[in-house]
Amino acid sequence: MNAKADILNALSIDVEEYFHARVFQEGIGGAVAGLESRVEMSTDRVLALLAAGGAKATFFVLGQVAAAHPGLVRRIAEQHHEIACHGDGHELVSRQTPDEFRTDVRRAKAVLEDVTGKPVIGYRAPNFSIGRAQAWAYDILLSEGFRYDSSTYPILHDSYGDHTASRFPVEVWRHADQKRRGRSPGSSA
Ligand SMILES: [Zn+2]
């Protein structure tokens with residue numbers, strides 16, 4: 001097979017409000033009540049661009065956004081893009097206990113699957129916040145029905161990423177059930 005044929009150019013988009021961004025949250029002390037929602041307007045612009053270019057993408061959608069804007073999630077899915085999960089409340093994995101993380105991803109996955117009627121198998125942590133110290137999260141993602149993770153960023157950065165991680169997808173195996181496996185770009189956990 002031609003080596004070029006093995007390269008997949010994958011485009012992904014995180015679907016959240018501007019006020020879900022960590023720097024914004026810190027700047028306003030978490031007081032988001034009453035702020036204008038812009039996620040439908042901005043995501044519809046992205047959808048139009050993708051349609052014009054004939055491109056498909058994966059949309060990592062926040063559970064809270066899906067609950068508040070189910071019509072938006074349906075529009076994304078109806079245009080044959082992949083719906084994946086960006087967690088529920090945009091809390092960093094590195095600031096959650098395993099139980100809190102499980103509750104967060106379970107709630108978000110359930111909302112997304114309820115809205116689209118299809119299984120959601122992909123996950124990306126807020127701010128790519130699964131590093132080496134959060135490898136426990138892979139076990140939870142597997143047991144909650146996820147099959148790939150896109151949370152490790154292979155760069156040197158002050159608040160996230162693992163610059164030693166692979167730039168390419170790697171398989172994550174667990175001995176307890178070798179039939180189950182997940183794929184994690186940039187992780188060798
Ligand atoms: Zn995000």
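This is a predicted model: local features need pLDDT of at least 70, side-chain atom pairs count only at pLDDT 80 or more; totals for chains, interfaces and linings use all residues.
Trainee: How many helices and strands does the secondary structure come to?
Mentor: The protein chain has six helices and seven strands.

Trainee: And what share of the residues is buried?
Mentor: Of the 189 residues in the protein chain, 39% count as buried. As for contacts between residues at least 6 apart in sequence, 67% of them join residues at least 24 apart.

Trainee: Changing topic, which protein donors does the zinc ion have?
Mentor: They are Glu16 through OE, His86 through NE2 and His90 through NE2, and they lie 1.9 to 2.1 Å from the zinc ion. The spacing of these donor residues in sequence is E-x69-H-x3-H.

Trainee: Where do glutamate 16 and histidine 90 lie?
Mentor: Glutamate 16 is in the loop between strand 1 (12-15) and helix 1 (22-28), whereas histidine 90 is in the loop between strand 3 (82-85) and helix 5 (98-116). The pair therefore ties together parts that are 74 residues apart in sequence.

Trainee: Is histidine 90 buried or exposed?
Mentor: Histidine 90 is buried, because its relative accessible area is 10% and the cut-off for buried is under 20%. Glutamate 16, at 22% relative accessibility, counts as partly exposed.

Trainee: What does valine 61 touch?
Mentor: Leaving out residues up to four places away in sequence, valine 61 touches Val15, Ala66, Val73, Ile83, Ala84, Cys85, His86, Gly87 and Leu112. One of these, His86, is also a donor of the zinc ion.

Trainee: One more: at what angle do helix 2 and helix 4 pack?
Mentor: Helix 2 (residues 39-53) and helix 4 (residues 70-78) pack at about 10°, and their axes are 10 Å apart. Helix 2 is therefore roughly parallel to helix 4, since angles under 35 degrees count as such.

Trainee: Which residues meet there?
Mentor: From helix 2, Val39, Glu40, Thr43, Asp44 and Leu47 meet Leu72, Arg75 and Ile76 of helix 4. The residues of this contact divide into four nonpolar, one polar and three charged.

Methods. Residues are numbered from 1 along each chain as its sequence is written. Side-chain values use heavy atoms; hydrogens and water are left out. Axes are lines fitted to C-alpha atoms, for helices over the stretch in contact, and angles run from 0 to 180 degrees between N-to-C directions. Helices (H or I, at least four residues) and strands (E, at least two) are DSSP runs, numbered from the N terminus. Angles under 35 degrees count as roughly parallel, over 145 as roughly antiparallel, 65 to 115 as roughly perpendicular and the rest as oblique. Contact means heavy atoms within 4.5 Å. Ala, Val, Leu, Ile, Met, Phe, Trp, Tyr, Cys and Pro count as nonpolar, Asp, Glu, Lys and Arg as charged, and the others, Gly among them, as polar. Donors are N, O and S atoms within 2.8 Å of the metal (3.2 Å for Na, K and Ca); water is not among the atoms, so sites may look incomplete. Buried means under 20% relative accessible area, exposed over 50%, partly exposed in between (1.4 Å probe, protein chains only).
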